[in-house]
Amino acid sequence: MKVVKTLGQFIIEKQADFPFAKGELSRLLRDIGIAAKIVNREISKAGLIDIIGETDSVNSHGERQKKMDVYANEQFISALRSGGECCVVASEENDEHILIESEISKHAKYIVAIDPLDGSSNIDVNVSVGTIFSIYRRKSTEGAAKLEDVLQKGTEQVAAGYVIYGSSTMLVYTTGKGVNGFTLDPSIGEFCLSHPDIKMPKDGYIYSINEGYYAHFPLGVKKYIKYCQVEDETTNRPYTSRYTGSMIADIHRNLIKGGIFLYPTTAQYPNGKLRLVYECNPMAFIVEQAGGTASTGYERILDLDVNELHQRSAIFIGSENMVKRAEDFMLAFSSHQPSINQHKQVI
């Protein structure tokens, strides 16, 4: 009989990997898992209760908030506030970072950046959505934590993960020592290890991009899309196009099967649209730990300086060889006129 290993058991086993943490990081991951179960419970009832649709409020980016955006945000902040291990929460749904200054959190040393509900517009049509989180160690040593404690490079993450709410609910996370996935068993209410040591294939056959914005993409992206669509048996092309409008859903599929997810710059979003702190950095950390690559199209995501809480970035993320090929196209067809040799190298 197969022995089931729960998230809690797994975290305790791996606690020795972080002797400096003294259990705080383990408890923090546990708190996030508990909040995820509460959010999952409500998402599973979305068609039965008044939880779908939009509110009258907008988030920090001027976007109309879904009711589940607000609910998920409240649940995760509440869990982190009461857990005692977190001193700051930075949420995509809030204009400013949130200081946690309760008595139980006065010695807290961790910062959590979170997108409480990625792809929330999909809830109304029963398509997978998710939660993305990122954990950092506080840098300052005196007084209340500062904004600078939040604005750390992606390379400084001590853990990152996501929860995908779909046909099954999974929590996938890394602490810099590989990637492991846990599926929620509703019969016992526990996340159980189902995908140990996830390895992303070096190559894939799926590309994920919103081709509705094709006219507004950089030339390098347009050329790469056409490359994906050309028939060539030696490279197993044409590739399959799959795009759900939920970053987590697309990257999760590509993490398992191999593929690339692209969200490039456009005329409307010259710096990219996705948020570096809440989306790009944590997903880049996870994918790199699984053997994949994450880039802006020109440079590594995790090496980017973080100057603003809601900073945006372009992202090319997925199987190593696919991302490198896309970067070749961006280099060859960037704003400067590429040489003939560059054309030949890529085409």
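This is a predicted model: local features need pLDDT of at least 70, side-chain atom pairs count only at pLDDT 80 or more; totals for chains, interfaces and linings use all residues.
Colleague: How many of the residues of S8 are buried?
Modeller: Strands (E, at least two residues) and helices (H or I, at least four) are DSSP runs, numbered from the N terminus. S8 covers residues 169-174 and is mostly covered. Its buried count is six of six.

Colleague: Over how many bridges does S7 pair with S8?
Modeller: Two strands pair if DSSP finds at least two bridges between them. S7 (residues 159-165) is joined to S8 by a hairpin through three residues, and Tyr162 stands opposite Val172. The pairing is antiparallel, and the number of bridges is six.

Colleague: How many cavities of 30 Å³ or more does a search of the whole structure find?
Modeller: Rolling a probe the size of a water molecule over the atoms shows where empty space is left. On a 1 Å grid over the protein atoms alone, a cavity is a set of points where a 1.4 Å probe fits but cannot get out, and lining residues have an atom within 4 Å of a point. Grid points are joined across faces, edges and corners, and a volume is the space filled by probe spheres set on the points. The number of cavities of 30 Å³ or more is two.

Colleague: Which residues line the second largest cavity?
Modeller: This cavity holds about 30 Å³ of space. Helix H2 (24-43) and S8 each supply at least two residues of its lining. The lining residues are Leu7, Leu29, Ile32, Phe133, Leu171 and Tyr173.

Colleague: How many nonpolar residues are in the lining of the largest cavity?
Modeller: The largest cavity has about 40 Å³ of space, and its lining includes Tyr213, Phe217 and Tyr263. Ala, Val, Leu, Ile, Met, Phe, Trp, Tyr, Cys and Pro count as nonpolar, Asp, Glu, Lys and Arg as charged, and the others, Gly among them, as polar. There are two polar and no charged residues, and the nonpolar count is six.

Colleague: Which residue in S17 is the bridge partner of Tyr263?
Modeller: Five strands form an open sheet in the order S12-S11-S13-S17-S15, with mixed pairing. S12 (240-241) and S15 (293-295) are its edge strands, each pairing on one side only. S13 (residues 260-263) pairs with S17 (residues 315-318) in the antiparallel sense over four bridges. In S17, the bridge partner of Tyr263 is Ile315.

Colleague: How far apart are the end C-alpha atoms of H2?
Modeller: The expected span of a helix is 1.5 Å times one less than its number of residues. H2 is mostly covered, with 14 of its 20 residues buried. Because H2 has 20 residues, it should span 28 Å, which agrees with its end-to-end C-alpha distance of 29 Å.

Colleague: Which residues is Asp69 in contact with, leaving aside neighbours within four places in sequence?
Modeller: Asp69 is found in helix H3 (residues 67-83), and it counts as buried because its relative accessible area is 6%. Contact means heavy atoms within 4.5 Å. With those neighbours set aside, the contacts of Asp69 are Glu93, Leu117 and Ser120.

Colleague: How far apart in space are Asp328 and Tyr224, C-alpha to C-alpha?
Modeller: Asp328 lies in helix H8 (residues 320-332) and counts as partly exposed, at 30% relative accessibility. In sequence, Asp328 and Tyr224 are 104 residues apart. Their C-alpha to C-alpha separation in space is 9.0 Å.

Key:
Residues are numbered from 1 along each chain as its sequence is written. Side-chain values use heavy atoms; hydrogens and water are left out. Buried means under 20% relative accessible area, exposed over 50%, partly exposed in between (1.4 Å probe, protein chains only). On a 1 Å grid over the protein atoms alone, a cavity is a set of points where a 1.4 Å probe fits but cannot get out, and a pocket is an open set with protein on both sides within 12 Å along at least five of seven lines; lining residues have an atom within 4 Å of a point.
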